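Trainee: I am new to this structure and would like to learn how to read some of its features. Please take me through them one at a time.

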Amino acid sequence: MSKTRIASEIDFEKEGKHSGYLRLPHSVHRSAYGWIGIPITCIKNGSGPTVLLVAGNHGDEYEGQVTLMKLTRKLGVDDVKGRIIILSSANFPAAMAGMRTSPIDEGNLNRSFPGDPNGRPTQMIAHYIESVLLPMADAALDLHSGGSSLMYIPSALARRPKDAKKRAQTIELFRIFGAPISMFFDMPQGEDRTLSGGTERVGVKLHMSTELGGTGTVTPAILAIVEAGVARLLDHFGVLRRPLTDAKPGKTRLVAVKGAPYYCYSPDAGLFEPFVDLGAEVKAGQPAGAVHYQDQPWREPTIARFEHGGLVICKRIPGKVERGDCIFHLGTDSEDA
Ligand SMILES: [Zn+2]
């Protein structure tokens, strides 16, 4: 893998708390020798593990970004044993635009790994994370949520490790994070162009992701879950000198999210009327909702059906749908529970 063209203003080997920018070269009409500054903080205090905290991988997923911005200000050198690196808005151009993807290159960071040092800005960011940040990390958290179009029951998430010992370690992370749902996820078509895929390629020992809510907003209840969950995980990773919270984790339900039948898609374009809400238990073949035609109100709506039974863990928020939009997403009780 060739070398990154992104230059860090901070030295990750230096003791103390340092904040600055990753300088992403961006030569454009209005700024020939310009760069985009991606904020990053490194807190290092003696020997110990390195933990990488990432949010804003998708720019419109705000719960993780708020949590990591607060943590950036809160954590002092004296709190840390080892090193914590915080990248609170990883796809920074997308985060500033409040969009899932980058307005500069339409790049979806979490479909851009392992990235390209000579590629478009989003590919360069992915390459920096995979070639520079992940190799330093003993543990990594990548905080996602439903973003603008989806709402999840607050969930922890990881690809299901094939190795039983690794699986038990991941379930332990889920239990410590303490979200209402924890998911073992099979990405459709084995998708590995993600940061999670990068942690596996690089061999980061402990990794977890989340789906924390969404709707393009934040709520006090969900922030309380993620802030306490991240604090407990930092303690578990052994990178804190003292716990940041004494809040106990909530009980989590371990579910499996497997392939395509677990996703329910809109069969047509129109105005979607859901028949169930988050947390519903549904059966295979059950009507999921109706697509109404505003331009032909006399026409019978088209009914969407669940292909698989399970627990509704995610729903689409905007009422207007196109054919192929994901309207619900299901989990079923995991065989590992
Ligand atoms: Zn995301």
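Trainee: Where is Thr-215 found?

Mentor: Thr-215 sits in the loop between strand 10 and helix 6 (220-237). Helices (H or I, at least four residues) and strands (E, at least two) are DSSP runs, numbered from the N terminus. This is a predicted model, in which local features need pLDDT of at least 70, side-chain atom pairs count only at pLDDT 80 or more, and totals for chains, interfaces and linings use all residues. Residues are numbered from 1 along each chain as its sequence is written, and side-chain values use heavy atoms, with hydrogens and water left out.

Trainee: What is the phi of Thr-215?

Mentor: Most residues other than glycine have a negative phi, and most peptide bonds are trans. Thr-215 is not a glycine, yet its phi is positive, at about 65 degrees. Glu-106, in the loop between helix 2 and helix 3, also has a positive phi, near 60 degrees. As for the peptide bonds, a cis one joins Phe-113 and Pro-114, with omega about 5 degrees. Pro-114 lies in the loop between helix 2 (92-97) and helix 3 (121-133).

Trainee: Is Glu-106 buried or exposed?

Mentor: Buried means under 20% relative accessible area, exposed over 50%, and partly exposed in between (1.4 Å probe, protein chains only). Glu-106 counts as exposed because its relative accessibility is 67%. Thr-215, at 32%, counts as partly exposed. Thr-67, in helix 1 (residues 62-74), is buried, since its relative accessibility is 4%.

Trainee: Which residues is Thr-67 in contact with?

Mentor: Contact means heavy atoms within 4.5 Å. Leaving aside neighbours within four places in sequence, Thr-67 is in contact with Leu-223, Val-226, Glu-227 and Val-230. Under that same exclusion, Gly-20 touches Glu-9, Ile-10, Ile-38, Pro-39 and Ile-40. Gly-20 belongs to strand 2 (residues 16-25) and counts as buried at 13% relative accessibility.

Trainee: Which atoms coordinate the zinc ion?

Mentor: Donors are N, O and S atoms within 2.8 Å of the metal (3.2 Å for Na, K and Ca); water is not among the atoms, so sites may look incomplete. Here the zinc ion is coordinated by His-58 (ND1), Glu-61 (OE), Glu-61 (OE) and His-144 (ND1), at 2.1 to 2.3 Å. Along the chain, the donors have the spacing H-x2-E-x82-H. His-58 is buried, with a relative accessible area of 3%, and Glu-61 is buried at 3% relative accessibility.

Trainee: Why is the arrangement around the zinc ion irregular?

Mentor: Four donors count as tetrahedral if all angles lie between 85 and 135 degrees; four count as square planar and six as octahedral if opposite donors are over 155 degrees apart and all others between 65 and 115; anything else is irregular. The arrangement is irregular because the four donor atoms subtend angles of 58 to 149 degrees around the zinc ion.

Trainee: Which element gives the most to the lining of the second largest pocket?

Mentor: Rolling a probe the size of a water molecule over the atoms shows where empty space is left. On a 1 Å grid over the protein atoms alone, a cavity is a set of points where a 1.4 Å probe fits but cannot get out, and a pocket is an open set with protein on both sides within 12 Å along at least five of seven lines; lining residues have an atom within 4 Å of a point. Helix 4 gives the most to this lining, with four residues. The second largest pocket is lined by 22 residues, and those nearest its centre are Arg-159, Arg-160, Pro-161, Lys-166 and Glu-200.
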